[in-house]
Amino acid sequence: MYLIRSFKKFQRLGLSLSLLTLFVISCGREHKKKPSPSGFSDEVFTQELQTILKPVDTSHVGKFRSVSEDVRYVYQSDDYQPIWLKENFSSNEAAGKLIAELEDMQWDGINPERYHLSAIKKLKEKLDTTKNNSIKDAVAFDTGMTRSYLAAAHDLLMGEILPKTVDSLWYHINDTTWNAPQLLVNSNGVYPPLNNFRSTVPTYALLRNEYRRYADLAHDSALSQAIDTVQGGYLAGHPSGEFLEQINKVIRTELPWVQTVDTDTVSKEKQLLNAYQVYSGVPHTGKFDSTTLARLSTPPASILKKIGANMERIRWMQRQFGSLYLIVDVPLMELFLRRNDSNAMHMRVVVGKPERQTPSLFATMANVVINPPWGVPSTILKNDVLPGVQKSGKSYLNKKGIKVYDREGHRVMASGINAHNYRRFKYKQDPGDDNALGYVKFNLPNPWDIYLHDTPHRADFVKNYRALSSGCIRVQQPQEMAVYILSEIEKRNFTQGKLDTIIETEKTRWEFLKTKIPVHIAYLTAFEDTTGKHIQFVRDIYHRDDKLISALN
């Protein structure tokens, strides 16, 4: 009513509408001004900060700009009021909490000095012990704290480095909303902890605990002495005496949860060795070979780097996986279907060979295909089918059960295929016992045409090394997983007997899922064991660790 009356008054006075607009806007600005997030405001601080920080576009909420731009966004949104200060420009309670959390980030494998922790602490001490603090120190401390908070929040939520700079086959997305600036703006005096940005994936918490444990082991003098002894006797074979005693000491120190039992068939020392090879990611030979001795000789400080690298990889993924998801750890060569933080299914998988590596990606399972046909992908077509046709012609295609069609759908004979025209045709394999996809396929629509499937090569699953495919993922229990998904998750009347009946028809059937299951395919060389309580290290089958560790350090 006031504005309406004012408007009529302005009209009577002959003032322009533009003048009224300026009046309304100025009133709106004054009305929207809000108190500092810290509960403390200072006009001198505000004026100083306004001269230093240039305005920034505040319309792009939820999008990471840069730390510098986000710092400007925070202060601009809060009318350039202090966040980490109180009366006399001394630090407030929130400042102490942030500094403690920055120190705690060492257990995330991140050096707190990345956030200028020492400089911040030094300036904090100066502000807290000086009666008449300068505005220059106050502004430097407050903006420095804000910058450190936003940078640390970003690193926890998104990772320290861009995945593509160290792993060209990492396509797994992190679509977590970036809300750190808004949390600071809307804090209302309550400190928004950095833990809000830390991954909630169970593996991350285990890795973080393992990092702390190995950091302690790095200062264990008895362990260091045992490792020195192993390094001094570095040789393959069957060590004995003092050397063997020191080896057992290393194993028991690194794996304190492993229990041995009295048995007539396997000695306690052999039991320890077997467990060590499983948990340390070296080939399971049952012998003190050179690879095992090299791992036994590795100081904890080096292992810390591997743990840190894998926490970084998890930070590249979504912060929360939800209550239902499927994860394939490529170097572990195993699959876990998880519901409510428990393994509903766990099985071995076959992944891409080193020359045809399985990429890391995120997709959702859209359907289950029973008796799937197989369209030969371009990589296999070039590297396998074409050489086979050129060498054996029709007999190769018949042996593989592959039919070739032109663009109009007409069959093409093997004699008409050569290195110059083979890309013009489509190559398909009908459903059946010899189909490359087996009896079941799990479709995960994605640009790289990666999916999960059955296989006629069942003997591969008993092997310890299973990087043998052309990129897609062969699963050990495809039929069991299909029945579980369709009956337990989709709540359909779908049994193994029903699946068997469909398979016998050799006709393709698509079972579309109402529940889209998130699928994470990730390259993690440190992952939890099947108990979900301990970390086991995994062989770096694609040799990606060193590049990531080098970039992080």
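**Terms and Values Behind the Description**

Reader: Where does H543 lie?
Author: H543 is placed in the loop between β14 and α19 (545-552). These elements are DSSP runs numbered from the N terminus (helices: H or I, at least four residues; strands: E, at least two). The model is predicted, so local features need pLDDT of at least 70 and side-chain atom pairs count only at pLDDT 80 or more, whereas totals for chains, interfaces and linings use all residues. Residues are numbered from 1 along each chain as its sequence is written, and side-chain values use heavy atoms, with hydrogens and water left out.

Reader: Why does H543 count as exposed?
Author: The relative accessibility of H543 is 67%. The scheme calls a residue buried under 20% relative accessible area, exposed over 50% and partly exposed in between (1.4 Å probe, protein chains only). H543 therefore counts as exposed.

Reader: What is noted about phi of H543?
Author: Phi of H543 is near 55°, a positive value in a residue other than glycine. Most residues other than glycine have a negative phi. K491 also has a positive phi, near 60°, and is not a glycine.

Reader: Where is K491 found, and why does K491 count as exposed?
Author: K491 sits in the loop between α17 (478-489) and α18 (496-505). Its relative accessibility is 61%, and K491 therefore counts as exposed.

Reader: What makes S395 partly exposed?
Author: S395 belongs to helix α16. The relative accessibility of S395 is 44%, so it counts as partly exposed. Between the C-alpha atoms of S395 and A414 there are 8.8 Å, although the two residues are 19 apart along the chain.

Reader: How do you know that E101 counts as buried?
Author: E101 is part of helix α5 (residues 93-104). Its relative accessibility is 17%, and E101 therefore counts as buried. Contact means heavy atoms within 4.5 Å; beyond its neighbours within four places in sequence, E101 touches Y191, P193, L194 and N195.

Reader: Why is S360 called buried?
Author: S360 has a relative accessible area of 0%, and therefore it is buried. S360 is located in the loop between β3 (342-352) and β4 (361-370). Its contacts, leaving aside neighbours within four places in sequence, are L169, W170, Y171, H172, I521, A522, Y523 and R544. Of these, Y523 is 163 residues from S360 in sequence, yet their C-alpha atoms are 6.2 Å apart.

Reader: How many cavities of 30 Å³ or more does the structure hold?
Author: The structure holds one. A cavity is a set of points, on a 1 Å grid over the protein atoms alone, where a 1.4 Å probe fits but cannot get out; a pocket is an open set with protein on both sides within 12 Å along at least five of seven lines, and lining residues have an atom within 4 Å of a point. The largest cavity takes up about 50 Å³, a volume being the space filled by probe spheres set on the points, which are joined across faces, edges and corners.

Reader: Which residues line the largest cavity?
Author: The lining consists of E210, Y214, E254, L255, W257, Y276, Y279, S280, R295, I535 and F537. Two or more of the lining residues come from each of α9 (202-217), α12 (268-280) and β14 (535-537), and α12 gives the most, with three.

Reader: What is the volume of the largest pocket?
Author: The volume of the largest pocket is about 990 Å³. Its lining has 35 residues, of which W374, I380, D384, S470 and R474 are the closest to the centre. The elements giving two or more residues are α15 (378-392), α16 (394-400) and β10 (467-469); α15 gives the most, five.

Reader: How many helices and strands are there in the protein chain?
Author: The protein chain has 19 helices and 14 strands. Buried residues account for 50% of its 553 residues.
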